[in-house]
Amino acid sequence: MSEIKTNIIIRGECASVMNQMPEGSVDLIFADPPYNLQLGGELLRPDNSRVDGVEDAWDKFADFAAYDRFTREWLEAAYRVLKPTGSLWVIGSYHNIFRVGATLQDIGFWILNDIVWRKANPMPNFKGTRFTNAHETMIWCAKGEKARYTFNYDAMKALNEGLQMRSDWTLPLCTGQERLKTVDGTKVHPTQKPESLLYRVLLSSSNPGDVVLDPFFGTGTTGAAAKKLGRRFIGIERDETYIHAARARIAQVTPISDMSALETPRKRSEPRIPFGTVVERGLLHPGEVLIDRGGRWSAKVRADGTLITADHKGSIHQVGAAVQGAPTCNGWTFWHMRTGSDAVPIDVLRQKLRAEMMSGMQ
């Protein structure tokens with residue numbers, strides 16, 4: 001397959017443009033389609049000022065059937081252009097996301113997660129007739145149940161201060177200097193998404209150099225985030241005003257020069273360090289006593305890199321599991337060494353050796 005042109009914005013209808021692209025040519029798709037909000041009448045704040053809502057023609061459809069046809073058309077085109085190892089994200093509100101979800105399942109996409117974007121600063125329900133609409137939903141899916149897709153689990157865990165990333169994300173709306181406005185102070189685009197949202201999407205499910213397609217490019221949030229993270233982008237947009245704003249915005253983004261800073265390696269891809277290497281390098285000595293974090297259990301280090309207790313002997317993992325009566329155990333995080341009054345996991349020694357190995361390979 002010939003290399004496709006990237007870091008471009010193509011003016012046109014999304015399904016038509018995607019159907020002209022090479023099959024299986026993009027790694028990730030982020031789609032922010034029209035929500036079909038079905039708004040009736042103007043909305044006023046308590047002070048009678050008018051709420052700047054979504055009134056553009058691109059968000060209006062004759063009925064649900066028309067919206068469903070539109071949704072199937074662009075999703076089928078997206079399925080075709082996505083690599084077998086790629087994935088698709090689509091964002092929506094209660095107005096449309098359930099219809100979109102059913103259609104993408106009918107086409108063959110396999111849902112991996114639904115992510116709730118909880119808005120840190122949502123617009124109130126001024127009429128007081130419903131709950132405040134404080135979230136939007138993103139569906140993340142692969143091309144099939146058994147498809148291999150990118151998920152940078154360890155990067156997401158690190159981004160969340162060492163805790164497993166959950167499916168509810170609290171992020172603010174696009175406001176302040178990030179919000180693009182015209183010379184008279186009005187919003188360039190009524191539904192501009194925050195870059196923090198796209199940053200997390202791209203970091204989680206793509207790698208540096210990957211091709212990210214946004215078929216509803218708008219003012220270029222996906223392109224700006226892609227450029228910052230060393231991804232290549234293709235934007236499709238039919239509104240020339242949005243395209244002009246997106247190009248100017250993306251041109252102001254300075255790409256990172258140190259590509260190593262963009263790497264998010266999985267722990268499984270890191271060099272394997274046997275516990276015996278820690279012992280033979282003298283970072284721990286035969287006869288030293290290791291304890292668990294709470295000091296309930298202890299084990300002695302042996303010269304061959306195994307541990308021994310009064311009742312058990314074996315690897316750091318086997319002995320850790322045995323003393324707990326557990327089926328498995330990660331000995332690197334379970335066992336700790338005493339350093340003064342503190343207990344530090346022996347995994348810091350493994351990371352020290354890994355860092356030495358990686359620096360020697362550069």
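Where is arginine 130 found? In this predicted model, arginine 130 sits in the loop between strand 4 (110-119) and strand 5 (135-142). Its relative accessible area is 58%, which makes arginine 130 exposed, since the cut-off for exposure is over 50%. Neighbours within four places in sequence aside, arginine 130 is in contact with Tyr94 and Asn125.

The protein as a whole contains 11 helices and 14 strands. Its C-alpha trace spans about 75 × 55 × 40 Å along the principal axes. Of the 362 residues in the protein, 44% are buried. Contacts were also sorted by separation in sequence. Among those between residues at least 6 apart, 67% join residues at least 24 apart.

Strand 1 (residues 8-11) pairs with strand 8 in the parallel sense, over four bridges. Here isoleucine 8 has isoleucine 234 of strand 8 as its bridge partner. Strand 7 and strand 8 also pair in the parallel sense, again over four bridges. In that pairing, valine 211 has arginine 232 of strand 8 as its bridge partner. Strand 2 and strand 7 run parallel and are joined by two bridges. Strand 8 is itself largely enclosed by the rest of the structure, because five of its six residues are buried.

Six of its eight residues are buried, so helix 6 is largely enclosed by the rest of the structure. The buried residues are Thr221, Thr222, Gly223, Ala224, Ala225 and Ala226. Their cover includes strand 2 (26-31), strand 7 (211-214) and strand 8 (232-237). Helix 5 and helix 7 (240-251) also contribute to that cover. Just after helix 6, glycine 230 takes a positive phi of about 75 degrees.

The contact of helix 5 with helix 6 was examined next. Two packed helices are described by the angle between their axes and the distance between the axes. Helix 5 (residues 195-205) and helix 6 (residues 221-228) pack at an angle of about 55 degrees, and their axes are 9 Å apart. That angle makes helix 5 oblique to helix 6. The crossing of the two helices is right-handed. On the side of helix 5, the contact involves Glu195, Leu198, Tyr199 and Leu202. An α-helix has 3.6 residues a turn, so residues three or four places apart point the same way. On the side of helix 6, the contact involves Thr221, Thr222, Ala224, Ala225, Ala226 and Lys228. By type, the residues of this contact divide into six nonpolar, two polar and two charged.

A further open sheet is formed by six strands, in the order 12-11-10-9-13-14. Its pairing is antiparallel. Strand 12 (313-314) and strand 14 are the edge strands, and each pairs on one side only. Within this sheet, strand 10 (residues 298-301) and strand 11 (residues 307-308) pair in the antiparallel sense over two bridges. Valine 301 stands opposite leucine 307 of strand 11. Strand 13 (residues 335-339) and strand 14 (residues 342-345) run antiparallel and are joined by four bridges. Arginine 338 stands opposite alanine 343 in strand 14. Strand 13 and strand 14 form a hairpin with two residues between the strands. In this hairpin, glycine 340 takes a positive phi near 70 degrees.

Key. Residues numbered from 1 in each chain as written. Predicted model: local features only at pLDDT ≥ 70, side-chain atom pairs only at ≥ 80, totals over all residues. Heavy atoms only, no water. Axes fitted to C-alpha atoms, helices over the stretch in contact; angles between N-to-C directions. Parallel < 35°, antiparallel > 145°, perpendicular 65-115°, else oblique. Left-handed = near helix turned anticlockwise from the far one by under 90°. Contact = heavy atoms within 4.5 Å. Nonpolar A, V, L, I, M, F, W, Y, C, P; charged D, E, K, R; others polar. Buried < 20%, exposed > 50% of the residue type's maximum accessible area, 1.4 Å probe, protein only. Pairing = 2+ DSSP bridges.
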